[in-house]
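Hello,

Here is the structure I promised to pass on. Please have a look at it first, and then read my notes below.

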Amino acid sequence: MNALTACKLMNTLDPILSMEAALSENANNTDTPSPGGRRKRAIATHTKFWSNHRTLSIAFLGNPSEELRTGTVNAIRQWQRSISLTLEFVEGEKGDIRIAFSDPHNYSYVGTDALLVPADQQTMNISAEVNDPGFDTVVIHEFGHALGMEHEHQHPDANIPWDTPKVYEYYKNNFQWSEEETDFNIFKTYPTTEIHKSAYDTTSIMHYPIPTELTLGEWAVGTNTTISKLDRRLMRKIYPK
């Protein structure tokens, strides 16, 4: 079973606070201005990207081993050439992004939603073992969320022919997800905003692997292990150098 099929986005409880944090950090986290010059401020359409060229501090909680810390840092740095952010790995437990290895699930808050998490709690959790062949893939994927990226299978143009009852059963039996959690992490699609307009990409590191058993017909997506060309193109658009 691929670890990414268990990646669970953390749902911010207060969408208004989420929007306010996103706009306070980066005024471009709304749709582009309308012809009349007014920006749309609909909660459903705001993005959660960090301010361009800012330093993003990254801390580790729980005193992980040097091997685990180094493996995580090396995986995260694979994003560096595609963004203008300075990734600063700090000592201690105070950072914009706080990574823990304590829970049995992989998850992350999306972008600026991390600003709403209490300072003593993680904004990201990695459950994969550092010697697991899929460790880098999991870390790269989760840090994509930390940069503000959503799940690619929830792209508005994906049109995946899900076998809905089987998907509910699969995530209930394997990960104890409720139907509401499956709806949020699998079936919900995101509105297309001008700042986040890119083609649907089945090769994205942010795409779940999808076996044919969960779809109608022979539709499937394999496990993507590296940052795709379209992933990098999008990040260069969001965080131009």
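Asparagine 29 sits in the loop that runs between helix H1 (15-25) and strand S2 (55-60). Please keep in mind that this is a predicted model. The relative accessibility of asparagine 29 is 0%, so this residue counts as buried, the cut-off being under 20%.

What does the side chain of asparagine 29 have beside its polar atoms? A polar atom of that side chain lies 2.9 Å from the backbone oxygen of alanine 22, and there is also a distance of 2.9 Å between a polar atom of the side chain and the backbone oxygen of phenylalanine 49. Leaving aside neighbours within four places in sequence, asparagine 29 is in contact with Ala22, Leu23, His46, Thr47, Lys48 and Phe49.

Now to the aromatic rings. The structure holds 10 aromatic pairs. One of them joins tyrosine 171 and phenylalanine 175, with 5.6 Å centre to centre and 35° between the planes, a tilted pair. Both residues belong to helix H4 (residues 164-175), where they are four residues apart, about one turn of the helix. Tyrosine 171 counts as buried because its relative accessibility is 2%, and phenylalanine 175 is buried too, with a relative accessible area of 11%.

Tyrosine 171 also pairs with tryptophan 177, and this pair is stacked: 4.8 Å centre to centre and 20° between the planes. Tryptophan 177, at 6% relative accessibility, counts as buried. Ring pairs link Tyr170, Tyr171, Phe175 and Trp177 into a cluster.

Best wishes

Technical notes:
Residues are numbered from 1 along each chain as its sequence is written. This is a predicted model: local features need pLDDT of at least 70, side-chain atom pairs count only at pLDDT 80 or more; totals for chains, interfaces and linings use all residues. Side-chain values use heavy atoms; hydrogens and water are left out. Helices (H or I, at least four residues) and strands (E, at least two) are DSSP runs, numbered from the N terminus. Buried means under 20% relative accessible area, exposed over 50%, partly exposed in between (1.4 Å probe, protein chains only). A polar contact is a pair of N or O atoms within 3.5 Å; within protein, one must be able to donate a hydrogen and the other to accept it, and residues adjacent in sequence count only if both atoms are side-chain atoms. Contact means heavy atoms within 4.5 Å. Rings of Phe, Tyr and Trp (its six-membered ring) pair if their centres lie within 6.5 Å; planes under 30 degrees apart count as stacked, over 60 as edge-to-face and the rest as tilted.
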